[in-house]
Amino acid sequence: MITIKQVHTKKEFKAFVTFPFSLYKDSKYWVPPIISQEIKTFDKNENPVFNDADAYFFLAYKGNEIVGRVAAIINWLEVKNQGEKKMRFGWFDYIDDLDVSKALLDKVTEIGKQNNLEYTEGPVGFSNLDKVGVLTEGFDVLGTMITWYNHPYYVTHLEKLNYRPEKEWIESRFPFSNINPESFTKANTLIKKRYQVSVRNFTHTKDVMPYADEMFDLFNTSYASLASFVEITDIQKAYFKKKFISFINPEYIKFVFDKDDKMIAFAILMPSFARVLQEIKGKLFPFGFLKMLKAKKESKDIIFYLIGIAPEYQNKGITAIIFNECYETLKNKNIENCIRTPELADNIAIQQIWKHFDPEIIKRRKTFRKEIE
């Protein structure tokens, strides 16, 4: 018999966060989260997303054993401002037992009905800066700290429960040796001169912070046209600055400004922390923090996390400036692989900017949807 219990206490939240550690204990490809950070994500006193969202967390039990988990999320900005009557679900993990996955999703649907929502979709997080999608291809490829991993049977369960694919994302990789600077160096000089733009580089995180709010504003503007985009609110900016920027080598942050000193483009690259996260098993102390700092400086794999360009400068060659700056920073660091985070499969424009590097698709992931009857 399957029992579903809502999570309330600190002990239960820790159990919610650590359940995947047992589910994936034999996996070479799953990347653990940082446990303390993940718990803070679900803390209403820590995460300002709860000013505009409700979330309910559930654990599934067989007897006294935890066998599954799910977060049921309503983002009210999405529901009220965009008219998307969506019941989100995320952090969805379960053993290979259809009764378990069904019981968890039934809870999600129940909350959706109570709030007069029309459909459920997941796995997704609170916003576009959270993880997204159930893995459908690439189970034998190491994950990243900013994506979910799952067993192949997850897709089978969703299909058996009459969920249908809604959106698809692709992830790709190319060796650093594929980058031929001739494809962008000349254009870089021409574009800078034509549009009178300049680049700002950094060596210290504290120097990045004064520009972070402007970057998030540009993120909202440049990503607004994408499916399911929910803008980052002012109060969330401080939270995301603390959560993300501290993990990024400041040398890997590039800002482009116009002649009036207005930010018109940005690029954020991240060192890959996958191997070290597996090693420290989600714990920053006593030695995990030092190992993370070492990886921050020395990782040979780099993740192209976010690139944003103001709409009025899109299709004007600004990416040549971004690539040139990134290349100049990375070429002396012995980088071996460049990894792209999930990008919508139908976003042809973003895929075109990478074509000169001959990327290989290594993973696909999807969200699944079901109408609430």
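Analyst: This is a predicted model. One place to begin is a helix contact: Ala212, Asp213, Phe216 and Asp217 in α8 meet Lys237, Phe240 and Lys241 in α9.

User: By class, how many nonpolar, polar and charged residues does the contact of α8 with α9 have?

Analyst: The α8 side brings Ala212, Asp213, Phe216 and Asp217, and the α9 side brings Lys237, Phe240 and Lys241. Ala and Phe count as nonpolar, Asp and Lys as charged. The contact therefore has 3 nonpolar, no polar and 4 charged residues.

User: How are α8 and α9 oriented to each other, roughly parallel or roughly perpendicular?

Analyst: Helix α8 spans residues 212–223 and helix α9 residues 234–244. Their axes are 10 Å apart and the packing angle is about 110°. Angles of 65 to 115 degrees count as roughly perpendicular. So α8 and α9 are roughly perpendicular.

User: Does α8 pass α9 in a left-handed or a right-handed crossing, and which is it?

Analyst: The two helices pack with their axes 10 Å apart. The crossing of α8 past α9 is right-handed.

User: Which residues does Asn220 touch, not counting residues up to four places away in sequence?

Analyst: Asn220 sits in helix α8. Its relative accessible area is 11%, under the 20% limit, so Asn220 is buried. Leaving out residues up to four places away in sequence, Asn220 touches Phe229, Glu231 and Ile232.

User: In helix α5, which residues are buried?

Analyst: Helix α5 runs over residues 153–160. Elements that cover its buried residues include α1 (10–23), β4 (86–94), α4 (98–114), β6 (134–137) and β13 (360–371). The buried residues of α5 are Tyr153, Tyr154, Val155, His157 and Leu158.

User: Thr156 lies in helix α5 too. What does Thr156 count as at 36% relative accessibility?

Analyst: Buried means under 20% and exposed means over 50%. Thr156 has 36% relative accessibility, which lies in between, so Thr156 counts as partly exposed.

User: How far apart in space are Thr156 and Val49, C-alpha to C-alpha?

Analyst: Thr156 is part of helix α5. Along the sequence, Thr156 and Val49 are 107 residues apart. Their C-alpha to C-alpha distance in space is 32 Å.

User: Which residue takes a positive phi just after α5?

Analyst: Most residues other than glycine have a negative phi. Just after α5, a phi of about 70° is taken by Asn162.

User: What is the phi of Lys281, and where is Lys281 found?

Analyst: Lys281 is not a glycine, yet its phi is positive, about 55°. Its relative accessible area is 54%, over the 50% limit, so Lys281 is exposed. Lys281 is found in the loop between α10 and α11.

User: What is omega for the peptide bond that joins Gly122 and Pro123?

Analyst: Most peptide bonds are trans. The bond between Gly122 and Pro123 is cis. Its omega is about 0°.

User: Which residues does Pro123 touch, not counting those up to four places away in sequence?

Analyst: Pro123 is in the loop between β5 (119–122) and β6. Pro123 is buried, with a relative accessible area of 8%. Beyond four places in sequence, Pro123 touches Phe89, Gly90, Val132, Gly133, Val134, Trp148, Lys366 and Thr367.

User: What is omega for the peptide bond from Phe285 to Pro286?

Analyst: Pro286 lies in the loop between α10 (274–280) and α11 (288–298). The bond from Phe285 to Pro286 is cis, with omega near 10°.

Methods
Residues numbered from 1 in each chain as written. Predicted model: local features only at pLDDT ≥ 70, side-chain atom pairs only at ≥ 80, totals over all residues. Heavy atoms only, no water. Buried < 20%, exposed > 50% of the residue type's maximum accessible area, 1.4 Å probe, protein only. Helix = DSSP H or I, 4+ residues; strand = E, 2+ residues; numbered from the N terminus. Contact = heavy atoms within 4.5 Å. Axes fitted to C-alpha atoms, helices over the stretch in contact; angles between N-to-C directions. Parallel < 35°, antiparallel > 145°, perpendicular 65-115°, else oblique. Left-handed = near helix turned anticlockwise from the far one by under 90°.
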